[in-house]
Amino acid sequence: MEFLRATSVDEALAAAGDGAAFVAGGTNLVPDVLFGRKKIARAVDISRLDELRFIEEADGKIRIGALATVTDLLDSGLIRDAASPLYESALEFAGPLVRNRASVAGNLMDASPAADLAPPLLAQDAVVELASAEGERTLPLSEFFLDYRKTAARPEELMTAVVIDPLGTADRCAYYKLQLRRAMAIAVVGVAVILRMEESVCAEAAIGMGAVAAVPYRARAAEAHLRGKEIGEAEIEAAAAAAADGARPIDDVRASAAYRRKMCGVLVRRLLKKALGMPQIAAV
Amino acid sequence: MSTYEIKFSVNGNDESLAVRGDETLLRALRRVGYVEVKLSCEGGDCGACAVLLDGVAVNACLVFAAQADGAEITTVRGIGTEDDLHPVQEQLIEKGGVQCGFCTPGIVVSAKALLDENAAPSREDIQRGLAGNLCRCTGYKKIFEAVSAAARQISEGGGS
């Protein structure tokens, strides 16, 4: 395997393609290469491109540079205050040794169905910025994941940033990662919920799901039971049922498909109630 | 197979070595004698290979050696010496936080990084700070007690 350290984004883009892979934190790619799960002709090291490592607020948006680490998310007051489901997912992400290296873009480009940052970023309508020698383009994250570990990024494209709208005082949100232990665990189910309230009416609903299909996705059918409604027990039950119904989980070493599907409903119900400050068990 | 001439410093010693493009930092460090960096899962799960890379605690198995060209690396041997142990090392001995010892180099690296950031960590802070380091002997209780005691020792001026 050839190795090249890029000293600029342009140099990285010029070295892309022809079996090359970008490497930043390396937390997925390095063991994938070591154990032969990935064969790459050339690793293009972008880990020193400091111009891609930032978290900033600009024109009313939050821009997260591709090389911002998961630790950077946790160190950012902006993320904690205006992207709290993403912040919570970062708290549950692996352990500190991995968080210190793993980049936001790497978690998305790796395209694991269980990518921890994907459900909250999907729920927050993230848009990804992709660059290649031909130019730049943007894509909603909901159109980025195509199939199991397959993304819309072309082999020569580099993700340079992820952009989200900051959450405001009208937004109610909640996040949960169901996992077999509280650290270093791959999600059994990951769910992020964001509700934009206008008085007592839910103007917008967004539910990001992870680890329950070939790709992380938005539970659109569940959202439709909430949008434009005054949310009570009936709406929550309908959304929870739709979320379970829409999941396409698999059996694996962590959980059965049936358990995952059931947990989709349980978690969506629980998180909607948590977000809205409703008691988890209805008063009798 | 292409090789690359790289340089980095380990515990203040300048090292020059030729590495393959796909060689991990863990394997390169062990190859030139830094065997205190333990080789175990090689997948980022166990933390036995933790080192400070430019001051940041990372798993050496998850870094290509060539990515560390020009870096300053600190292993457990750069954190204290036998004559002048770091409080974390002193307290791991004092509290019985070492059994087989295989995870200890990584535990010391993670604990030092934690205490450098947070001088008075709560029990949960310590648990979270060591969440990437597996120990299969001690059940962690004595390790957590040792890190807690090390924090107190540092705050009372008993070493760095």
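Mentor: Let us begin with a definition: two strands pair if DSSP finds at least two bridges between them. Please also keep in mind that this is a predicted model.

Trainee: Which strands of the open sheet in chain A stand at the edges?

Mentor: The open sheet has five strands in the order β4-β5-β10-β6-β7 (chain A), with antiparallel pairing. Each edge strand has a single partner strand, so one side of each lacks a neighbour in the sheet. The strands in question are β4 (55-58) and β7 (135-140) of chain A.

Trainee: By what angle are neighbouring strands of this sheet turned against each other on average?

Mentor: Strands of a sheet pair through backbone hydrogen bonds, either parallel or antiparallel. The angle for this sheet ignores direction, and its average between neighbouring strands is 25°.

Trainee: Which residue is the bridge partner of Ile62(A) in β10(A)?

Mentor: Strand β5 (residues 61-65) of chain A and strand β10 (residues 158-164) of chain A pair in the antiparallel sense, over four bridges. Within β10(A), the bridge partner of Ile62(A) is Ile164(A).

Trainee: How do the residues of the contact of α2(B) with α3(B) divide by class?

Mentor: From α2(B) come Val88(B), Gln89(B) and Leu92(B), while α3(B) supplies Thr104(B), Val108(B), Ala111(B), Lys112(B) and Leu115(B). By class, these residues are five nonpolar, two polar and one charged.

Trainee: What is the handedness of the crossing in which α2(B) passes α5(B)?

Mentor: The axes of α2(B) and helix α5 (residues 141-155) of chain B come within 8 Å and cross at roughly 135°. That angle makes α2(B) oblique to α5(B). As for the handedness with which α2(B) passes α5(B), the crossing is right-handed.

Trainee: Which residues in α5(B) meet α2(B)?

Mentor: On the side of α2(B), the residues are Pro87(B), Val88(B), Gln91(B), Leu92(B) and Glu94(B). Their counterparts in α5(B) are Ile143(B), Ala146(B), Val147(B), Ala149(B), Ala150(B), Gln153(B) and Ile154(B).

Trainee: Which strand gives the most to the side of domain 1 of chain B that touches domain 2 of chain B?

Mentor: Chain B is divided into domain 1 (3-77) and domain 2 (87-155), and 22 Å separate their centres, taken over C-alpha atoms. The contact takes 13 residues from domain 1 of chain B and 11 residues from domain 2 of chain B. With three residues, the strand that gives the most to the domain 1 side is β3 (residues 50-53) of chain B.

Trainee: What separates the centres of domain 1 and domain 2 of chain A?

Mentor: In chain A, domain 1 covers 1-48 and domain 2 covers 171-276. Taken over C-alpha atoms, the separation of their centres is 35 Å.

Trainee: Finally, from which element does the largest share of the side of chain A that touches chain B come?

Mentor: The contact takes 23 residues from chain A and 25 residues from chain B. On the chain A side, β1 (2-5), α2 (29-34), β3 (42-45) and α6 (96-99) of chain A give two or more residues. The largest share, four residues, comes from α2(A).

Notes:
Residues are numbered from 1 along each chain as its sequence is written. Chains are lettered from A and ligands numbered from 1 in the order in which they are written. This is a predicted model: local features need pLDDT of at least 70, side-chain atom pairs count only at pLDDT 80 or more; totals for chains, interfaces and linings use all residues. Two residues are in contact if their C-beta atoms, placed from the backbone, lie within 7 Å. Ala, Val, Leu, Ile, Met, Phe, Trp, Tyr, Cys and Pro count as nonpolar, Asp, Glu, Lys and Arg as charged, and the others, Gly among them, as polar. Domain bounds come from an automatic or database domain assignment. Axes are lines fitted to C-alpha atoms, for helices over the stretch in contact, and angles run from 0 to 180 degrees between N-to-C directions. Angles under 35 degrees count as roughly parallel, over 145 as roughly antiparallel, 65 to 115 as roughly perpendicular and the rest as oblique. A crossing is left-handed if the near helix is turned anticlockwise from the far one by less than a right angle, and right-handed if clockwise.
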